[in-house]
Amino acid sequence: MSKNYWLMKCEPDAYTIDDLKRDKKTAWEGVRNFQARNFMRDQMKVGDGVLFYASNAEPSGVTGLARIARAGYPDQYSWTKGHHYYDPGSTKEKPLWYMVDIAFVERFPATLPLETLKHTKGLEKMMVIRKGARLSVQPVTKSEFDIVVKLARKQKTQREAVKK
């Protein structure tokens with residue numbers, strides 16, 4: 001089975017790569033967009049790679065790596081009355097919304113900013129750099145994933161060279 005790659009966005013006031021590092025694993029609940037839901041429900045598999053992206057941050061960008069630890073399953077918060085993510089259209093019998101679990105892999109030495117992604121060869125078609133692409137769960141190609149990881153890790157090498 002081939003591995004897929006994803007970019008998952010979260011605002012830092014909600015959850016960060018450091019929170020994931022501390023928790024080791026978390027449920028990625030509350031996604032309320034049908035296209036993102038379909039990715040989580042139908043395509044995300046255990047072991048898939050995840051670029052953890054801080055959105056609405058200063059700067060916004062990729063902060064680390066995670067992996068899918070549990071494939072899509074119904075988001076029980078959607079049928080929990082009174083919960084922030086409650087949706088009366090979703091039931092245990094016919095769940096409307098899904099979630100996945102992600103596990104911590106690596107925190108990058110610094111955020112790899114969106115501006116850098118926009119100006120990097122090989123990332124021109126990446127969904128996150130497209131104007132108006134606000135989807136919180138996005139597929140990325142293996143090539144895009146590899147380029148981002150290499151760039152983010154290279155920041156560490158450059159910082160260490162400056163310190164010496």
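Is Asp75 buried or exposed? Asp75 is buried, at a relative accessible area of 0%. The notes below concern a predicted model.

1. **The Asp75 pair.** Asp75 forms a salt bridge with Arg32, at 3.1 Å from N to O. Asp75 sits in the loop between strand S4 (61-74) and S5, and Arg32 in the loop between S2 and helix H2 (34-43), so the bridge ties together parts that are 43 residues apart in sequence. Arg32, at 29% relative accessibility, is partly exposed.

2. **Salt bridges overall.** The whole structure holds eight salt bridges. Side chains of opposite charge can pair when their charged atoms come close.

3. **Arg41 and Asp42.** The side chains of these residues form a salt bridge, with the closest N and O atoms 2.7 Å apart. Asp42 is partly exposed, at 39% relative accessibility. Arg41 is partly exposed too, at 32%.

4. **A pair within H4.** Lys142 and Asp146 meet through their side chains in a salt bridge, 2.8 Å from N to O. Both belong to helix H4 (residues 142-163). They are four residues apart, about one turn of the helix. Asp146 has a relative accessible area of 35% and is partly exposed. Lys142 is partly exposed as well, at 47%.

5. **A network.** Asp19, Arg22 and Asp23 are linked through salt bridges.

6. **Largest pocket.** Its volume is about 830 Å³. The lining has 27 residues, and nearest the centre lie Lys9, Cys10, Glu11, Ser55 and Ser136. Strand S1 (5-10), strand S2 (25-28) and helix H3 (114-118) each give two or more residues to this lining. S2 gives the largest share, three residues. By class, twelve lining residues are nonpolar, seven polar and eight charged.

7. **Second largest pocket.** The volume here is about 160 Å³. There are 18 lining residues, of which Thr16, Ile17, Ala54, Thr63 and Thr111 lie nearest the centre. Helix H1 (17-23), strand S3 (49-54) and strand S5 (98-113) each supply two or more of the lining residues. The largest share, five residues, is from S5. The lining splits by class into twelve nonpolar, three polar and three charged residues.

8. **Largest nonpolar core.** This core has 24 residues. Met8, Trp28, Ile102 and Val137 touch the most other members. S1, H1, H2, S3, S4 and S5 are the elements that give two or more residues to this core.

9. **Contacts of Ile102.** Which residues does Ile102 touch, not counting those up to four places away in sequence? Among them are Met8, Leu20, Trp28, Phe52, Ala66, Ile68 and Ala69. Ile102 also touches Lys24, Lys25, Thr26 and Arg67. Two of these partners, Met8 and Trp28, are named with Ile102 among the core members that touch the most others.

Note on methods: Residues are numbered from 1 along each chain as its sequence is written. This is a predicted model: local features need pLDDT of at least 70, side-chain atom pairs count only at pLDDT 80 or more; totals for chains, interfaces and linings use all residues. Side-chain values use heavy atoms; hydrogens and water are left out. On a 1 Å grid over the protein atoms alone, a cavity is a set of points where a 1.4 Å probe fits but cannot get out, and a pocket is an open set with protein on both sides within 12 Å along at least five of seven lines; lining residues have an atom within 4 Å of a point. Grid points are joined across faces, edges and corners, and a volume is the space filled by probe spheres set on the points. Ala, Val, Leu, Ile, Met, Phe, Trp, Tyr, Cys and Pro count as nonpolar, Asp, Glu, Lys and Arg as charged, and the others, Gly among them, as polar. A salt bridge is a side-chain nitrogen of Lys or Arg within 4 Å of a carboxyl oxygen of Asp or Glu. Buried means under 20% relative accessible area, exposed over 50%, partly exposed in between (1.4 Å probe, protein chains only). A nonpolar core is a set of buried Ala, Val, Leu, Ile, Met, Phe, Trp, Tyr and Cys residues joined through side-chain atoms within 4.5 Å. Contact means heavy atoms within 4.5 Å.
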